[in-house]
Amino acid sequence: MRGLVVAETEGGRLANATLRVIGAVILRGLPVDVYVTDAMLAPFAEKIPGVERVLVPADEANEHIVPETLAAQLHAIQGPYSLIAASHRTLGRSALPRGAALAGGAFIPDVIAVEGESAFVRGLYAGSVVAHVNTASAVTFATFRASSFSPVADSGGNATRVALEPVARFTRTKLVERQASTQTGRDLPDARIVVSGGRGLASKDNMDRLGELAEKMGAALGASRAAVDAGYASNSAQVGQTGKIVAPDVYLAFGISGAIQHLAGMKDSKAIVAVNKDPDAPIFSVADIGLVGDLFEVVGALETHVSTGGASQ
Ligand SMILES: Cc1cc2nc3c(=O)[nH]c(=O)nc-3n(C[C@H](O)[C@H](O)[C@H](O)COP(=O)(O)OP(=O)(O)OC[C@H]3O[C@@H](n4cnc5c(N)ncnc54)[C@H](O)[C@@H]3O)c2cc1C
């Protein structure tokens, strides 16, 4: 049997999350094919070492594919695959359960580790429970938490391109427009450093100041839900159970208490630095380095360090 990864685009190239999902499927030892939703991605996918075939839909309008059409396409080509995978992002989360329903297969969301041919690990209850899931399904559809896996190299391979027959398009919904996020800094899930602010920032101006610091450090700006709800940061910056899940090399939390819903989105970071004036704040239970004090003093010191030539990513 084979594995199939649904590729996604980011800035006209293959999304880094897709490279990580391919890495996860290769870990299982399955021959890997890649399905590209947009033919423009095929030349990138063909160069990935370990990918054998790149499946390209005949329909040119596929760039704006909706989940229902993608599910029908996956159902049409499922034959040789025991695993059909995508990243745990909007498209995969919408299309793969539909594909599983059409195929009569299992759907496993938010996989954080692969244990064997049919065994996966996923988080439940905001990461408080780790579930070991076995599937007996002939074909399993699964979304992978990209930050839990290493990306494969994006050059050196030589996959074969295969043209697919068009499928009937779902016409009751259509993608009208894509808008790039206006969030300062880098894309959160791919950033090696994340600088996050919480309600302790106390204003949008202070969050903007933290965003500028993040930019200078080569980091992405994150935020707690309380900070987003207060209008300090945009929705796209939210880290946590109902936001983005990140696992950067370094996560800096300023004025974030460390509610379980926030920890669910960042506790797998390799090093966590927390600044909070409350010595009993729960964030310190997961922090590798904890500073009890006023965040604005630390932000000021970091700004000085960065402007006098401190290292960036
Ligand atoms: C279903 C559900 C889903 C949720 N999903 C998410 C989610 O995805 N992400 C998320 O973040 N939350 C989520 N929440 C909300 C979560 O429960 C918390 O309310 C939220 O994370 C709190 O944000 P905060 O830490 O910024 O604010 P607070 O809890 O108010 O903490 C602010 C912290 O700032 C510190 N502080 C204040 N001033 C300073 C200063 N000058 N210097 C240093 N420290 C200072 C305080 O000591 C305090 O610890 C969810 C809640 C529910 C019910």
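**Ground rules.** I number residues from 1 along each chain as its sequence is written. Because the model is predicted, I take local features only at pLDDT of at least 70 and side-chain atom pairs only at pLDDT 80 or more, while totals for chains, interfaces and linings use all residues.

**Domains.** I looked up the domain assignment, which gives domain 1 (2–164) and domain 2 (188–307); such bounds come from an automatic or database assignment. Taken over C-alpha atoms, the two centres are 31 Å apart. I then checked contacts (C-beta atoms, placed from the backbone, within 7 Å): nine residues of domain 1 meet twelve of domain 2. On the domain 1 side, I find three nonpolar, five polar and one charged. Here Ala, Val, Leu, Ile, Met, Phe, Trp, Tyr, Cys and Pro count as nonpolar, Asp, Glu, Lys and Arg as charged, and the others, Gly among them, as polar.

**Strand β10.** Next I went to β10, residues 140–144. Helices (H or I, at least four residues) and strands (E, at least two) are DSSP runs numbered from the N terminus. Strands pair when DSSP finds at least two bridges between them. Strand β6 runs parallel to β10 with five bridges, and Ile84 is partnered with Phe141. Strand β7 is also parallel to β10, through four bridges, and Val111 stands opposite Phe144.

**Ligand shell.** Of 28 residues around the ligand, Gly198, Gly200, Ser224, Ala226 and Gly240 come nearest. The shell holds nine nonpolar, 14 polar and five charged residues. Helix α6 gives the most, with three residues; α7, β15 and α8 each supply at least two.

**Val273.** I finished in β15, where Val273 lies. Leaving out residues up to four places away in sequence, Val273 touches Val250, Leu252, Ala287, Asp288 and Ile289.

Key
Near = placed C-beta within 6 Å. Contact = placed C-beta atoms within 7 Å. Buried ≥ 20, exposed ≤ 12 C-beta atoms within 10 Å, placed from the backbone.
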